[in-house]
Amino acid sequence: MIDRLAAALKRSRADYTEIRVERTWSTAVTYRGRRLESATASEDQGGFVRVLHAGRGWGVASFTSLDQLESMVARAGELSRAVSVDPPIRLADVAPQRADAALDLDGDVRGVALADKKRLIEAYNGAMLGVSDRIVDTLAIYRDEVSEYWYVNSQGAALHELRPELTLSGTAVARRDGTIEKGLESVGLRRGWKSAQDHESGFRAAAERAVALLDAPMVRGGTYPVILDPELAGVFIHEAFGHLSEADFVYENPQAREMMTLGRRFGKPVLNVGDNGAAPGLRGTLPFDDEGTPTQDTALIREGILVGRLHSRETAAAMGERPSGNARALSFRHAPIVRMTNTYIGNGKGTFDDLIRDVTLGVYACGAFGGQTMLENFSFTAAYGRMIRDGHVAELVKDVVLAGNLFQTLDRIDHIAGDFRWNQMGGGCGKAGQSPLPVTEGAPHVRIEEALVGGDVPA
Amino acid sequence: MIERLLEVARRRADGGADALWRRVERTSVAFEWGRLKAAGATEEAGANLRVRHRGRVGVAGTTAADVAPDDLVTRALASAELGEEIDLGFPASPPSGSPLPSISTFFDRAAGASLDALIAMGRSLLERLEREGCHVNVAIDRETAQVRVANTSGGAAEYASSGVAVSVDVWRIAGDDVLAVGDSAETADFPGDDVLAALVASVNTRLDRALRIVAPPEGALPVVFTPSGLSPLMLPVTQALSGKAVLQGISPLGGKVGEQAFDVGFSLADDPLRAGRPSSRPIDDECVASRRTALVERGVVRGFIYDLETAARARTQSTGNGERGIFGKPVPGYTNILVGDAVDVGARHALPQALGGGLLASITDGLLVDELIGVGQGNVIGGAFSHPVALAYRVERGEITGRVKDAAVAGNAYELWNRVGAFGNDARWAGSRWASSVLFEGVSVARR
C-alpha cells in the first residue's frame, strides 16, 4: 500500500501533497433493556488527499473507492489552485517520519467471535438490570475497532499503523411515576479484548446511582464552593480551557492572540495543565498525529501561567511556534484540525478531606454527563452531586450543572489534591463536525472557591 | 448493486431482505477569519443490507466497492443469528400502480453549481457581514446524492437529491469578552438572494443588539425563546414522540395518545413532503412512502414516529420515518419538524421580523434567549433542563436593553409547553425545524 501511495504522490504536481488511507474493522453489540438491539460487524475504508500549491489554499478530497486514488489527487490539486490565499499558508518543519507502528492490540478483537462479545455485554447489561425493578430501561454497548492506517506525504513521511479501540458503555434509566433518572458507566481505551473483561461492578454502580437519584432533590441554584471529582475536573479542564488552547482559534485573530498571550496568568500557582498524546494506552494516545508529527507531552499552564498551546503544522508556522502533534482527523472523511489528546490537570498535594474541611456549605460534583464550551463561557453537567455541610459530605442532589466564565473560574481554583487519575471513559470530543474524536482527560480532586450551580431557583 | 445483494439474500435468508445503496458527492468551500482557506470534494458510496432468517433480523454494511455479495450476506446472517425474533415484513411499496408522492428533491441549479459560484456566494456574504473588530467564518457545502432502496417483496425506488448548506458566524473579541453570532440556511435548491439576505439580516440584527452588555435579571421571569433558542424545549418532546422511546418505556408521553398533554396552542408534525427542504424525500430508507404525520394537535398527543422494526414491535404501521446509515440498522428519525399551527410554512426564508417575534412588548423585565450552552446533555427526555446562556438579551419595559452574560436558564419542557404565554409572528426554519419564537412566563433565571 505504501508503494501505491508513494506512486500517487509522485504524480502530484503540487508543492505539498499528503495521502491517508484507512481500513477499519469494527463490531458493535447493543442491548436495550432485555433485548439485543443489534450485533453487527462492519468494514469501512477510504482515503483522504490534501494538497497545497504555493500561495494557494488547501485542496482536499475524500473518497471510499481506492480506484479513485489518482483522480482524487488530481482533483485536490485543482481545488487548491482555485483558491488563492494571502498571506500564503506555510507549514512548520517536521522531520519526515518513517515508521511501522502496531500499537499493542491487547488481545486482537478480530479473533474473538461476535457471540462471545454478545455474552460479555449481556452480562454487564444484566448487572444493571439486576439492581432493582425501578430500572425500567438500559442501554449497554460493546464496540471495538482495529484500524489499519497508512500515511505518506511529499516531504518523505511514510507511516503504517495498527490502532485498536475499545469502548464499553452503559446507561441505566430508573423511573418512579413521572420521575426519570439515569446513571452512566463508560470505559474507553486504546486496548483490546483483554481490557474488556471485569467491568460488572462499574455497570452495577451506574444503575444503583440512577435508583438513588429518584429520591434526591434538585440542587438549589446559586453560587457555592464546588469540589470536582477527578472525572468532572477532567471534563472541566477539557471544556473550559483545552479548547481555548487550540491554536486554530487564535492564530489568525489578533484579539484572540492577545487574550491568549503566553505568560498571562490564568490561575493560582497550584494550577498546572497539559496535554499528553504520548501517554501509554489512553484513548487519545497515538504515536503520530494525522500530519505525521510525533505526539508529545505539552505543558499549557505551569504554576498558573500560560506557557504553551496545541498546534498543527499550519498554526505553528503562523505563530512561530513548534508543532505539538495535535493535528487530528476523525477519519479519512475529514481534514486534520487542531485537537486535544489526553488533557490533564497536574497533581497537587493532600487529600480530598483537606479540600472540604473548611467548607460550611458547598457542592461535591461527581461524574460527567457532558460539557460544552462557547469559548470564554462553558457549561458542564455532573452525573450527580452531594452537598457538603460543615466539612462533611452530606445528601445526594441531582441536576448539578456548572456554568462559568473561564477566566474567573480558573482563577478561583484554590486547592488541588494529590490523588490524580486518568479517566478511562468512552465518548469523545466534537469540533467542526468531527465527532466523537477519542480523547481522555485526567485530574485529581479540584476545589473552586466559588462557582455558579444551575438548578431550581425559588420564585 | 443492491439487486445482486437481494438476489443472494433471497436464496440464503428465509424471511427476506431489504437494502439501501447511497452515493454522495459533496463540494465545500470554507472561509476562515475572512479568508478563503480551503476547497474540498467528497465522493462516498456504500450499501446497507438487512436480512431476516429463522425469524431473526441482522444487518451488515460496507463502503468497500469490491465487496462480494455473498460476503456481505454472510455477515448479515451472522448478525441475525444473535438477533432477536421480530415479526418484520418488508413492504411491497409503492403499491403497484400508485406513484410515489410527488416531491422535488433534485435541483439542477444546485447540483450544477460550479466551485466558482460557491466561492462567489461566500465572498458576497463576507462583504455583507464584514465589520470593524469582527471576524467572519463562512462555510458552504453543496451535496448531491442518489439513493436506491429495495426489498425482496418487490418494493423498489430510487431518487436523486440536492442540497446546499450555508453557515456563517461572526466573532467579536474585545478584551476577555468573546461574542459569536451565527446562523445557517439549508435548501434543496441553490439559495436565492432572499435566502442570503435573510441570513445576513439575522446575524446583523442579533449582533447589533449584543454589543452592549447589561446585568442579567434573576428569578422566575417571562422568557422568550427564539426559533433556534427553542432547542432545549423541543428535544425532550421529539425524543418522547419517537416510537422507540415509547417501546422502551422511557417516554413520558407513552400511553398518552388522545390526551391533552400540552397547551392548546402547541402542535407538532413531521413532514417529509415540504417543498424545497433538503430533508424531504418521496420514500424513506426502508421503502415506505413518505407522508405527513401529526404527532401533537392543539395540545393533544396523536401518535409517534415509527420505522418498520419499532412499528412491528408496537403492532402498528411504519410512519415512513425509517432512517438508515451505511453501517447500523435503521432507526426512527425525523425529517422536517413543524411546530405550532404551521399553516404558512415557507419553503423560502423570509426576512426576519424584529427580534422576539412581537412578544417583547408585554415584558417588564425578562429575557430573550437565542442560544444556550450544553443543550442535549444530561437527562434530556425527562424534560428538566438547566443551561448557561450563550446568547441572550435582557428585555426591560418591552425593549431589548443589551446582552446578558453569566446567567443560567432552567425549567421543565413538558411543564413549560403546558403554559405557553404566546407564539410569535416570526416563524422560520432553524435547521430542519419550523417554529416561531415562544413566550413562557415564570422561567427560572439564575445569575452569578
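Me: Angles under 35 degrees count as roughly parallel, over 145 as roughly antiparallel, 65 to 115 as roughly perpendicular and the rest as oblique. What makes helix 4 and helix 5 of chain B roughly parallel to each other?

Reply: This is a predicted model, in which local features need pLDDT of at least 70, side-chain atom pairs count only at pLDDT 80 or more, and totals for chains, interfaces and linings use all residues. Residues are numbered from 1 along each chain as its sequence is written, while chains are lettered from A and ligands numbered from 1 in the order in which they are written. The axes of helix 4 (residues 115-129) and helix 5 (residues 193-208) of chain B come within 10 Å and cross at roughly 30 degrees. Roughly parallel means under 35 degrees, and the two helices of chain B therefore fall in that class.

Me: How are the axes and the angle defined?

Reply: Axes are lines fitted to C-alpha atoms, for helices over the stretch in contact, and angles run from 0 to 180 degrees between N-to-C directions. The helices (H or I, at least four residues) and strands (E, at least two) are DSSP runs, numbered from the N terminus.

Me: Which residues of helix 4 of chain B meet helix 5 of chain B?

Reply: Leu125(B), Arg128(B) and Leu129(B) of helix 4 meet Leu196(B), Val200(B) and Val203(B) of helix 5. Two residues are in contact if their C-beta atoms, placed from the backbone, lie within 7 Å. By class, the residues of this contact are 5 nonpolar, no polar and 1 charged. Nonpolar covers Ala, Val, Leu, Ile, Met, Phe, Trp, Tyr, Cys and Pro; charged covers Asp, Glu, Lys and Arg; the others, Gly among them, count as polar.

Me: Why is helix 6 of chain B called largely enclosed?

Reply: A residue is buried if 20 or more other C-beta atoms lie within 10 Å of its own, exposed if 12 or fewer, and partly exposed in between, with C-beta atoms placed from the backbone. In helix 6 (residues 231-240) of chain B, 8 of the 10 residues are buried, so the rest of the structure largely encloses this helix. Among them are Ser231(B), Pro232(B) and Leu233(B).

Me: How do you know whether Glu309(B) is buried or exposed?

Reply: Glu309(B) has 26 C-beta neighbours inside 10 Å, so Glu309(B) counts as buried. Glu309(B) belongs to helix 8 (residues 308-313) of chain B. Neighbours within four places in sequence aside, Glu309(B) is in contact with Ile86(B), Leu88(B) and Pro330(B). Glu309(B) and Leu88(B) are 221 residues apart in sequence, yet 6.3 Å apart in space, C-alpha to C-alpha.

Me: And what makes Arg315(B) exposed?

Reply: Arg315(B) has 7 other C-beta atoms within 10 Å, which puts Arg315(B) in the exposed class. Arg315(B) sits in the loop between helix 8 and strand 11 (322-323) of chain B. Its phi is near 50 degrees, a positive value in a residue other than glycine.

Me: Why is Asp106(A) called partly exposed?

Reply: Asp106(A) has 17 C-beta neighbours inside 10 Å, and so counts as partly exposed. Asp106(A) lies in the loop between strand 4 (98-102) and helix 3 of chain A. Although not a glycine, Asp106(A) has a positive phi of about 55 degrees.

Me: What makes strand 17 of chain B mostly covered?

Reply: In strand 17 (residues 407-412) of chain B, 5 of the 6 residues are buried. Strand 15 (residues 384-396) of chain B is joined to strand 17 of chain B by 5 bridges and runs antiparallel to strand 17. Two strands pair if DSSP finds at least two bridges between them. Strand 17 of chain B also pairs with strand 21 (residues 438-447) of chain B, in the antiparallel sense over 4 bridges. Val409(B) has Val445(B) in strand 21 as its bridge partner.

Me: What makes strand 11 and strand 22 of chain A edge strands?

Reply: In chain A, 6 strands form an open sheet in the order 11-10-9-14-25-22, with mixed pairing. Strand 11 (305-306) and strand 22 (421-422) of chain A each pair on one side only, and are the edge strands. Strand 10 (residues 297-302) and strand 11 of chain A run antiparallel and are joined by 2 bridges.

Me: How many residues of chain A are in contact with chain B?

Reply: In chain A, 70 residues are in contact with 63 residues of chain B. The largest share of the chain A side, 11 residues, comes from strand 2 (residues 35-52). Strand 2 of chain A also runs parallel to strand 3 (residues 56-62) of chain B, joined by 2 bridges.
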